[in-house]
Amino acid sequence: MKIYNTLSRRKEKFVPQDPNEVKIYSCGPTVYSFAHIGNMRTYIFMDSLRRVLKREGFGLKHVMNVTDVGHLTSDADEGEDKMEKAARKAQKSPYEIAEFYTAAFFKDLERLNIDRPEIIAKATDHIDGMIEYVVGLCEKGYGYETSDGIYFDIAKFPGYGKLSRARLDEQLAGGSERVAVNSEKHNPADFALWKKAPKEHIMQWPSPWGMGYPGWHIECSEMSREYLGDLLDIHTGGVDHIPIHHENEIAQSEALIGKKTVNYWMHGEFLLVDGGKMSKSLGNTYTIDTLIERGFSPLAFRYFCLNGHYRNKLNFTWEALEAAQTALDRLYDTLLTHKNAPDSEITDTVPGEGRYSGMNIMDAWRKEFEYAITDDLNIPLALSVVWKALRHHTPNRRIYDFIVSLDDVLGLDLEAGTEKAAEKRAAAEEEAAAEQNEIPPEVLELSEARMQAKKEKRYADADALRARIAGLGYKVTDTREGPVLTKE
Ligand code: AMP
Ligand code: ZN
């Protein structure tokens, strides 16, 4: 299996430390509001990674954090604590806010068939560990105290910027406004490990530096180490985290542990809406609830996401979601055709000159699917294999079985979806039968007589009968399945 490593900017062969327990850490939500569909795209990417690794036979130990304290309104550690701000606005406690939005978040994961990581770690449950971590960094000379907190001295960490490939001198030169905000910082890009809490800050804990609360970045360094140890196999997040959050995580972790702490960094690209950024002011921070309110199924959004490679930007429009819903419904319906078809061996071989040429077509589909998913999670290519199999010239139960066996990776509820398609078909047939029943017996009799006349080649009689039927307000259309009567 190959995956793209943001650190090396290359696709690399994936070699975990222990294939029975691949150690993955994913940056999770800050639970101060509903997650939007952009966030959900990143968790669908995380889920695809989980599912592909599992299909390839790896065991997983996957940790995701829930940030319920300490993420300031700017990722670069300025502004208010997002949790506190939301709590003040809603006149609730930050804990109530966190609980409410955490529940909403997990409900969204469930609706999108995103499997829960093995371990969910809440920041407020790990404050002691974070304090120890900061103490450790201070002892090693990486942390320094100011009047409002403890900061990480990035000049002491020569590797700063290696993930985003930003140059330290540029980091030091830039951000002059930030210096103005906090003139005690040694360098503008130094970031908070711990913040001293003003009295009005609701969430605060005792520490060697008085009452306070942790910085956002320290949370991920501490919790990943606590559950997964000094070296993770894979760390995931969205691309926005590369330049600040993950750069800071690397600085903290490597400074304390003294060596590399993540083997593969994986980042999901952004979801755009109507070609631009999602923002509250544009009113386009749609949620899964918004999609449901507009009549879409959450899995149509999942299908939409799976059609874009995780490392490419994906543009959300309502038309595109409509197309995804139509395609997913068609996928279920075509699967039903195969499900109801005879079960017989497929002996076709792949024509032409390509990689799979001459191979049995089912073996080729299987191989191509496997190739796609293990080539840096090329799920769009894997889906094209599904469609290739669906469009095979003769319906076959084995095609249904084959495609359903891929749902461990796709997570599209293919079996249940096929059953729903069957219900839909039955309802449509019933409706058609009901329409048929509404046709008066006299018209049906005339239609029968006309068919008989046609059979006996009495075409003049048939035409006369058609005219009589028309006189009663019905039109006859001859189809391969026989005549269809419609009211005019
Ligand atoms: P946050 O709760 O803001 O930390 O975001 C949760 C996750 O969603 C992070 O991994 C972000 O990188 C990711 N994310 C935020 N906005 C988008 C977006 N528009 N498209 C894809 N992922 C996003
Ligand atoms: Zn994180």
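A residue is counted as near a molecule or strand if one of its heavy atoms lies within 4 Å of it. The model is predicted: local features need pLDDT of at least 70 and side-chain atom pairs pLDDT 80 or more, whereas totals for chains, interfaces and linings use all residues. Residues are numbered from 1 along each chain as its sequence is written, chains are lettered from A and ligands numbered from 1 in the order in which they are written, and side-chain values use heavy atoms, with hydrogens and water left out.

**Figure 1. Surroundings of ligand 1.** Ligand 1 is surrounded by 15 residues, and G38, N39, T42, D240 and L271 are the closest. Polar contacts are pairs of N or O atoms within 3.5 Å; within protein, one must be able to donate a hydrogen and the other to accept it, and residues adjacent in sequence count only if both atoms are side-chain atoms. T42 places a polar side-chain atom 2.6 Å from a nitrogen atom of the ligand 1 molecule. Backbone contacts to oxygen of ligand 1 involve T30, through a polar backbone atom at 3.2 Å, and G238, through a backbone N or O atom at 3.2 Å.

**Figure 2. The zinc ion (ligand 2) and its protein donors.** C27 (SG), C220 (SG) and H245 (NE2) lie 2.1 to 2.2 Å from the zinc ion. Donors are N, O and S atoms within 2.8 Å of the metal (3.2 Å for Na, K and Ca); water is not among the atoms, so the site may look incomplete. Along the chain, the donors follow the spacing C-x192-C-x24-H. C27 and C220 are both buried (under 20% relative accessible area, 1.4 Å probe, protein chains only).

**Figure 3. Aromatic pairs and a charge over a ring.** The structure holds 21 aromatic pairs, defined by ring centres of Phe, Tyr or Trp (its six-membered ring) within 6.5 Å, with planes under 30 degrees apart stacked, over 60 edge-to-face and the rest tilted. F105 and F106 are edge-to-face, at 5.3 Å centre to centre and 70° between the planes; both residues are buried. R116 lies over the face of F106, 3.9 Å from the ring centre (the criterion is NZ of Lys or CZ of Arg within 6 Å of the ring centre and within 35 degrees of the ring normal).

Technical notes
Buried < 20%, exposed > 50% of the residue type's maximum accessible area, 1.4 Å probe, protein only.
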